Amino acid sequence: MENDPNNILDEVTSGEYKYGFYTDIEMETAPKGLSEDTIRFISAKKNEPEWLLEFRLNAYRKWLSMTEPTWAHLHHPPINYQDIIYYAAPKKKKELASLDEVDPELIETFNKLGISLEEQKRLSGVAVDAVIDSVSVKTTFSETLEKQGIIFCSFSEAVQKVPELVKQYLGTVVPSDDNYFAALNSAVFSDGSFCYIPKGVRCPIELSTYFRINAANTGQFERTLIIGDEGSYVSYMEGCTAPMRDENQLHAAIVEIIALKDAEVKYSTVQNWYPGNKKGEGGIYNFVTKRGICKGNNSKISWTQVETGSAITWKYPSVVLMGDNTVGEFYSVAVTNNYQQADTGTKMIHLGRNTKSTIISKGISAGQSNNSYRGLVKMTKRALNSRNFSQCDSLLLGDKCGAHTFPYIKTENQSSIVEHEATTSKISDDQLFYCNQRGISTESAIGLIVNGYAREVLKQLPMEFAVEAQKLLAISLEGSVG
Amino acid sequence: MEGITTNYNTKETLIRLFGENRPEELPAMARLREQAMEAFVQNGFPHTKLEKWRNTDLSRSLNHAFIFPLEPASDGTEPEDIFRCDVPGFNTHMVSLLNGRVIDQGNTLPQAAEGVIVCSMAEAFEKYKDLIERHYAKYAGFGDNAMIALNTAFARDGVFIFIPDNVEVSRIVQTVNLIHSTEPVFVQPRNLVIMGRNSSLRLVMCDDSVDNNVGFINSVSEFVLAENARLDHYKLQNKNDHSALINNSAFHLEAGANLSTSAISLNGGLIRNETRVLLNGRSSHADVLGAYLMDRHQHIDNQVFIDHAVSDCTSNELFKGILDDSASGVFNGHILVRKDAQRTNAYQNNKNILISDKAVIDTKPFLEIYADDVKCSHGATVGQLDAEAMFYLRSRGISASNARMLLMYAFVAEIVNRISIPELRERIDDLVKKRLRGELSVCDQCVLHCNSREQKIAFDIDMSKI
């Protein structure tokens, strides 16, 4: 019965996770559990300076005094923080000079993900800083970037190479005691990416990093720091897939972006971590703190995210609009299926004058999932003539899922304008009928409508990503159809 | 447990008072009071660490040496001596409350013969035990609401209304809740309105201050609408700057019932309206409207919870407000669409205008949806008066202040125009105009309530210019 809507919805919403595999690479791991010793172990392993160890220990002590937040619209069994390995690194044999020297198994992993390094290097001109389980294995195109003075390397490398920059900016956007998960990350972060664009430089290529969570029981604690110096421009892409594991894995990352005067930073994410199986078992717990600050006048930060994975997503990419005439943007598509839960949104804190922010959030829920938008728009007293526009729409596929909206709006001056609108609906029978009538099967029609619904956000993605994102939407929702 | 600490330890006083003043009543009632008191003792007064109270701070309002009048006042004050309802031509059946106790004026509603009851709660506790047992405290749950718990523990009096099946009450019922005391006073009126099948009622509830003294009102009202009942409900709030008014209203709607409730807040030191609507029968409908005009250091908080428990119900929420000076406003709308509440239509809108840089608004229009065949939307805007409209009026020779007033008036008119009682609409319209000219608060300080206005209030604008 091709046209029975119930069947189709089932098919459409029962796609299997295609990236569930496990790469067998020799690992070097820290003992399970979290203590000051674990932190000292990580710090020593990475040969870190004293101040960074202090930073970690401080964060750890603050973390001990904090409690896990419960305000989000999420339900999960308590996390045992002592049952997690906080450091896992592929054993390094030697420094790698070219792509050929990369572990063939790793190359195979990337090939399965459909982002072979060679392909990327040859065809798309994307420099990929591939992160597998916390340690950067290979950085491509760094030579090209070096010529322009752009620093794009792993976080630990940056600590060795440009410690003064790291010290100057680390923790300035997300303080180590910002929240429970940020404190945890600040204490145990293993690696991540570092990016510095010098004054007046327009980064010629899209920078990209790929995260993977690989070894079982390894929490991944990424730390990304992006600094756009005066008048610079960079577009940064982050993508994630993780192999199928049965136990829940914890991920608590921090991304900090600093945009100085006239700088523009565009950050795009496609997140497709293992969402758990159809019964809601397993899957990644994703607790991420992402925040950017438009420090100088006329700067701009733009977040674009496509969230299809993770059993639990807790993520609020935010922008602090500190300079005058600064711009913050947030574009999001969040898809939840089966028993996935997402509580995601943004914060736009307007501090400077004539600041502008735009929020476009599209939620799609299917199966038994729950999808929440949670956002804050704050116009402070000083933020005169500021403007915000928010739109958050939810689409419900099936009658067992939930879609929720929690927008907070706080305005403290009279010259700012804030607009918020939201709708919740299902795919209308009219639209389906129209498609059917023109010979489009119901399943293709749903795909078409969902893609059209998310178009506004997808078009914000860099070209290379947009293709992948559309595929992910298809996989997440359209099952066999995709 | 964190809580509010005041210099006068109001919570301890209340606990002591509760133990000392046990009215003689049915054991079931006594048990209910005890449970409610337990809930209050456990939670204490709500504080800003609670999500629902983060923007409304009671600590200043509670920081007074309150007296708690539990027995009827015996000084023989006649409500006519201190207050006269100043809605011209407004012929209502009026029930006055002074410091939370109903003042018996000996008048009965013409429709009493048909079984309509309008009396004090104290009387209802005695006379209509079966109705009380069936309905009292069944709709305003106190498990998660410390203010309702406190009210339930102490409730002595209020207004009781019962309308039998198929009776349409022709006369408007008006309750006037007055506070008159030389000392800071803490009162807790409790109202219950029971409406039978196919009945209808128009009810106006006014909260007024007659002097400039401190008052804290913690009021709870329960409304139950049986099949196809229709209730038009208005709250008119005009209090002095030293008063705090916590107003909990719980509406329970059965199939086909139709509710329209509006809260018009013109003045008041701190006002919090918590409205809960349970749409419990198919095809029931609720309109929840509100308008607020606040200035100086006034604070207004509207909390609306609409629970779509069954399918085919509709709800419509619209709140509009203007905040001036250092006034602060809160709007928290929550629509819950339960799993099987298919074919729900729910709209929620909150629009605000700030006309001062010190005014603050917090708005949180919030949707929680578990059914798929629904149409829900919400919107919230914060802005200022439309510059183009201003320019238009100015270009026609209207002064800036008049143009501002006209635009503000037009902004609120959307709510006022939906009042279905013509006399009341006219009166509120006047009050809004007066309020916008800054006159109302002046009058509010005056005890005379001269009530000499015969002609309608108009703006000083030559309309021919427009």
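**Two chains of a predicted model, in questions and answers**

Chain B has eleven helices and 20 strands, where helices (H or I, at least four residues) and strands (E, at least two) are DSSP runs numbered from the N terminus. This is a predicted model, in which local features need pLDDT of at least 70 and side-chain atom pairs count only at pLDDT 80 or more, while totals for chains, interfaces and linings use all residues. Residues are numbered from 1 along each chain as its sequence is written, and chains are lettered from A and ligands numbered from 1 in the order in which they are written.

Biologist: Which element of chain A has the highest mean pLDDT?

Modeller: pLDDT is the predictor's confidence in each residue, from 0 to 100, and chain A averages 78, with 75% of the residues scoring at least 70. Among the elements of chain A, the lowest mean, 46, belongs to helix α5 (residues 117-124). The highest mean, 94, belongs to strand β16 (residues 318-321) of chain A.

Biologist: How many contacts beyond four places in sequence does the model have for residues 214-218 of chain A?

Modeller: Two residues are in contact if their C-beta atoms, placed from the backbone, lie within 7 Å. Over residues 214-218 of chain A the pLDDT stays under 50, and for this stretch the number of contacts beyond four places in sequence is 17.

Biologist: Which residue of β20(B) is the bridge partner of A:Thr424?

Modeller: The contact between the chains takes 29 residues from chain A and 31 residues from chain B, and on the side of chain A the elements that give two or more residues are β22 (402-411) and β23 (417-426). Strands pair if DSSP finds at least two bridges between them; seven bridges join β23(A) to strand β20 (residues 374-383) of chain B, and these strands run antiparallel. In β20(B), the bridge partner of A:Thr424 is B:Cys376.

Biologist: Why is helix α7 of chain B described as largely enclosed by the rest of the structure?

Modeller: A residue is buried if 20 or more other C-beta atoms lie within 10 Å of its own, exposed if 12 or fewer, and partly exposed in between, with C-beta atoms placed from the backbone. The cover over the buried residues of α7(B) includes α1 (10-20), α2 (27-43), β7 (190-195), β9 (215-225) and β11 (243-253) of chain B. Helix α7 (residues 146-154) of chain B is largely enclosed because its buried residues number nine of nine.

Biologist: Which residues touch the most other members of the largest nonpolar core?

Modeller: A nonpolar core is a set of buried Ala, Val, Leu, Ile, Met, Phe, Trp, Tyr and Cys residues joined through C-beta atoms within 7 Å. Leaving aside neighbours within four places in sequence, B:Leu225 is in contact with residues including B:Met195, B:Leu231 and B:Leu253. Of the 243 residues in the largest core, those that touch the most other members are B:Met195 and B:Leu225.

Biologist: Is B:Asp207 buried or exposed?

Modeller: B:Asp207 lies in strand β8 (residues 200-209) of chain B and, not counting residues up to four places away in sequence, touches B:Asn177, B:Ile217, B:Gln237, B:Lys239 and B:Leu245. Because B:Asp207 has 25 C-beta neighbours inside 10 Å, this residue counts as buried.

Biologist: What value is phi of B:Arg296 near?

Modeller: B:Arg296 is found in the loop between β14 (285-294) and β15 (299-308) of chain B, and with 12 C-beta neighbours inside 10 Å this residue counts as exposed. Most residues other than glycine have a negative phi. For B:Arg296, a residue other than glycine, phi is positive, near 45 degrees.
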